[in-house]
Amino acid sequence: MLGDDPLAYMESFKCLGSILSANATINQDISNRISKASAAFGKLNCRLWRRHDITLTTKLAVYRAVILPILLYGCESWTSLCHNIQQLDRFHLRCLRRICDIIWSDLIPNTEVLFRCAIGGIEFFL
């Protein structure tokens, strides 16, 4: 009760940019974070990622400064399960492959992509 009004039951709600659910799972929040990071990544596609006159070092610095904080906002409070980490890692590696201009038919393993970018997997940032 808040005064004379009863409080409504909410299955999930947004607080400070994170989605909190009644059953304490983070699936909705991770999907929301990936969606926001993907939108930000897409906005930089023509201006940065596809340009060949910008060095890989600069592109990766922008990725670390802009995309990763959007993706990992609030991760300190997450209780991450294996499938959550795999979901974040898939997005992370998809972005790195696009930045390095690596297509799926090149058959380059994830470890090589991380080595070329000199960056760790997503668990490194969690």
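Predicted model: local features only at pLDDT ≥ 70, side-chain atom pairs only at ≥ 80, totals over all residues.
Me: Start with α1 and α3. At what angle do they pack?
Reply: Helix α1 (residues 27-43) and α3 pack at about 155 degrees, and their axes are 7 Å apart. Helices here are DSSP runs of H or I with at least four residues, strands are runs of E with at least two, and both are numbered from the N terminus. Axes are lines fitted to C-alpha atoms, for helices over the stretch in contact, and angles run from 0 to 180 degrees between N-to-C directions.

Me: So how is α1 oriented to α3?
Reply: That angle makes α1 roughly antiparallel to α3. The cut-offs are under 35 degrees for roughly parallel, over 145 for roughly antiparallel, 65 to 115 for roughly perpendicular, and oblique for the rest.

Me: Which residues meet there?
Reply: From α1 there are R33, I34, K36, A37, A40 and F41, and from α3 there are Y63, I67, I70 and L71. Contact means heavy atoms within 4.5 Å. By class, this contact has eight nonpolar, no polar and two charged residues. Ala, Val, Leu, Ile, Met, Phe, Trp, Tyr, Cys and Pro count as nonpolar, Asp, Glu, Lys and Arg as charged, and the others, Gly among them, as polar.

Me: And α1 with α4, parallel or antiparallel?
Reply: α1 and α4 are roughly parallel to each other. They pack at about 5 degrees, with axes 10 Å apart.

Me: What is in that contact?
Reply: N27, I30, S31, I34, A37, S38 and F41 of α1 meet H83, N84, Q87, L88, F91, C95, R98 and I99 of α4. The classes are eight nonpolar, six polar and one charged.

Me: N84, is that buried or exposed?
Reply: N84 is buried, at 2% relative accessibility. Buried means under 20% relative accessible area, exposed over 50%, and partly exposed in between, with a 1.4 Å probe and protein chains only. Leaving aside residues up to four places away in sequence, N84 touches I26, N27, I30 and T79.

Me: Next, α4 and α5. How far apart are the axes?
Reply: The axes of α4 (residues 82-99) and α5 (residues 110-117) are 10 Å apart, and the helices pack at about 60 degrees. α4 and α5 are therefore oblique to each other. H92, L93, L96 and R97 of α4 make the contact with N110, V113, L114 and C117 of α5.

Me: Which residues of α5 are buried?
Reply: V113, L114 and C117 are buried in α5. They sit on the same side of α5, because they cover an arc of only 95 degrees around the axis, the arc being that of the directions from the helix axis to the C-beta atoms. T111 and F115 are exposed on the other side of α5. What covers the buried residues includes α3 (56-71) and α4.

Me: Different topic. What is the phi of D101?
Reply: D101 has a positive phi of about 60 degrees, although it is not a glycine. Most residues other than glycine have a negative phi. D101 is in the loop between α4 and α5 and is exposed, with a relative accessible area of 57%.

Me: And A118, where is that?
Reply: A118 is in the loop between α5 and α6 (122-125). A118 has a positive phi of about 55 degrees and counts as exposed at 62% relative accessibility.

Technical notes
Residues numbered from 1 in each chain as written. Heavy atoms only, no water.
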